[in-house]
Amino acid sequence: MVGLSPQHALSRRQTMALGAGGFIASLLAGRIPVQAADNGTLTIAYHVNLPSFDPTMGPSGVNPSIQAIYRSVFDQYIGQKPDLSWEPGLLTAWGWNEDKTKIWMDVRPGVTWHDGSPLTPEDIVWSLTRAGDPKGANSIQFIWSKIANFKIDGQKITADVVSFEPTIFMWMGFMTGYVMPKAYFEKVGADGFEKKPIGTGPYMVDEYQGNAFLRLKANPHYWGPKPAFETVVFKFVTDATSRVAEIESGSSDLTLEIPYEEYDRLRAKPGFAGVATPVSDIGLIFITNVAPMLDKNVRMAAHLAIDKEALVKRLLKGYGVPISTLEAPIYTAYDPAIKIAYDPKKAAELLKASGFSPEKPVKFTIQTTRGYKPKDYEMIQAIVGMWRKVGIQAEIEVYEIAKHYELRLSGKLGPAAFYNWGNATGDPTNSTGFAMFPMSPHSAWKGPEVLGMIGPLWGEKDETKRIAGWKAVDRAVADDALIIPLLQYVQPVIFKKALKVTANESAAMQPTLVAKA
């Protein structure tokens, strides 16, 4: 059973009556109470499923919402603190040589994999080489391939810089930047690894039921601080209302990404506490270069017609920061001077110039998740209402976040698509760069408008010039309305008052950030 204390355990007869499917359904619905935070168990009602255990390959590797799970089982080359600053991980030190033609890395000694075998520098080299393999499935292979010709001398690794990448070490603590077990993976293969994954992280996989739950056990040989809980259960509850029921019924100890009004209500109730922190996630609307979005008037009108202040104040209860570029205020290249003001009158004029009006609206589909982020669907509903007033008729199509990744990576997103972009590095390369570079698998707009501006910035060694260049790109993107940034998110986390939670600005709600109060 998953996290049940003896007093709540079902009898054999009750379990047989429910059947396996019924047991899991009852567990998720909260009808079977989970005695979490007691007996060393922490139960989290989590907002997304886990499609894959490999944190370095496929769409899952670049899903910011899964990183909390990955960071529990695996370690990254470089660690990241809750305030987004960097710290040693499986590398204790790292850097470039003077002319930045080589990198060096010192590997932490004395670390073991979950099967008891030692972590070696060969694991580091193999993981980096695998990530950079053009025949592999790493979504940012084009970053990892910029270092090669690795050499090992004891615990020190050196490599050649094939092409200078200013964010290479940031990626070692970001998405897909995880170390994998060379010998074990080569022995069991990709399928075997999915059935029985191992890492070096603070928790080991104990049991997994797809789309239902993941149970982890503390790693007794972990090299870092000892986790506060012996057992952690991630219950996959993708419906926000159900997550509220999970925490309110006592079936889970902690949940996140619930509607803000529910967060305020629960936080005011005896026995609950909460944290709501501005995080590195931003909400945006992707625009694809298909009709009718090829018309700049349509794109700009769609942006001008959105009252972001009203969305944050009324719909999100004040939890959010309106933005006009792909840089949140905590990002390195944030420029407050770039602002697209709410101007429905101007939006209507632009649409009229292109032959559209409320009586003869331009029509397109906007895709969105529902319950993945607080009020995501409701926010798009409100935006569609704002658009209707100026002459835009948008039809809403709802999909799961996994479908969004599938469509975006295959270049098949609709004309407009809502998305939550996570960039815990805070670097503009990983926001504006990947979202707007037409050859990037993560971009939606594939036109040439900013191609010439972005290209030279990938390898710019002068940091001041590089950041100024990205600010110029942000200005050009805003002026041409190639994407619609909406807001910097505030992540609501609600939990039992018996717990102490450290907020994470990366939005990765890791069990290691939870302790007993």
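View 1. At 6% relative accessibility, Gln67 is buried (under 20% relative accessible area with a 1.4 Å probe and protein chains only; exposed is over 50%, partly exposed in between). Gln67 belongs to helix α2, residues 67-73 (helices are DSSP runs of H or I with at least four residues, strands are runs of E with at least two, and both are numbered from the N terminus). The side chains of Gln67 and Tyr178 make a polar contact of 2.7 Å. A polar contact is a pair of N or O atoms within 3.5 Å; within protein, one must be able to donate a hydrogen and the other to accept it, and residues adjacent in sequence count only if both atoms are side-chain atoms. With neighbours within four places in sequence left aside, Gln67 is in contact with Ser60, Gly61, Met175 and Tyr178 (contact means heavy atoms within 4.5 Å).

The model in these views is predicted, with local features requiring pLDDT of at least 70 and side-chain atom pairs counted only at pLDDT 80 or more, while totals for chains, interfaces and linings use all residues. Residues are numbered from 1 along each chain as its sequence is written, and side-chain values use heavy atoms, with hydrogens and water left out.

**View 2. The open sheet β4-β5-β7-β6.** Four strands form this open sheet, in the order β4-β5-β7-β6, with antiparallel pairing (two strands pair if DSSP finds at least two bridges between them). β4 (91-96) and β6 stand at the edges with a single partner strand each, so one side of each is left without a neighbour in the sheet. From one strand to the next, the twist averages 20°. Strand β5 (residues 102-107) is joined to strand β7 (residues 156-161) by five bridges. Within this pair, Asp106 has Lys156 of β7 as its bridge partner, and Ile103 stands opposite Ala159 in β7.

**View 3. The hairpin of β6 and β7.** Strand β6 (residues 147-153) runs antiparallel to β7, and five bridges join the two. The bridge partner of Ile152 in β7 is Ile157. Two residues lie between the strands of the hairpin, where Gly154 takes a positive phi near 65°.

**View 4. Helix α3 against the sheet.** α3 lies across β4, β5, β6 and β7 and runs at about 175° to β6. Axes are lines fitted to C-alpha atoms, for helices over the stretch in contact, and angles run from 0 to 180 degrees between N-to-C directions. Nine of the eleven residues of α3 are buried, so the helix is largely enclosed by the rest of the structure. Among the buried residues of α3 are Ile124, Val125, Trp126 and Leu128. Their cover includes β4, β5, α4, β6, β7 and α6.

**View 5. Packing of α3 on α6.** Helix α3 (residues 121-131) packs with helix α6 (residues 182-195) at an angle of about 60°, and their axes are 9 Å apart. The two helices are therefore oblique to each other (angles under 35 degrees count as roughly parallel, over 145 as roughly antiparallel, 65 to 115 as roughly perpendicular and the rest as oblique). Glu122, Asp123, Trp126 and Arg130 of α3 make the contact with Lys182, Ala183, Phe185 and Glu186 of α6. By class, this contact has three nonpolar, no polar and five charged residues. Ala, Val, Leu, Ile, Met, Phe, Trp, Tyr, Cys and Pro count as nonpolar, Asp, Glu, Lys and Arg as charged, and the others, Gly among them, as polar.

View 6. Asn138 lies in the loop between α3 and α4 (141-144) and is buried, with a relative accessible area of 6%. A polar atom of the Asn138 side chain lies 2.8 Å from the backbone oxygen of Thr56. The backbone nitrogen of Ile140 also lies 2.8 Å from a polar atom of that side chain. Beyond neighbours within four places in sequence, the contacts of Asn138 include Thr176. Thr176 is in the loop between α5 (168-171) and α6 and is buried at a relative accessible area of 1%. Although not a glycine, Thr176 has a positive phi of about 70°.

**View 7. Pro259 in the loop between β11 and α8.** This loop runs between β11 (254-256) and α8 (260-267). Pro259 is buried, with a relative accessible area of 16%. The C-alpha atoms of Pro259 and Ala240 are separated by 7.2 Å, and the two residues are 19 residues apart along the chain.
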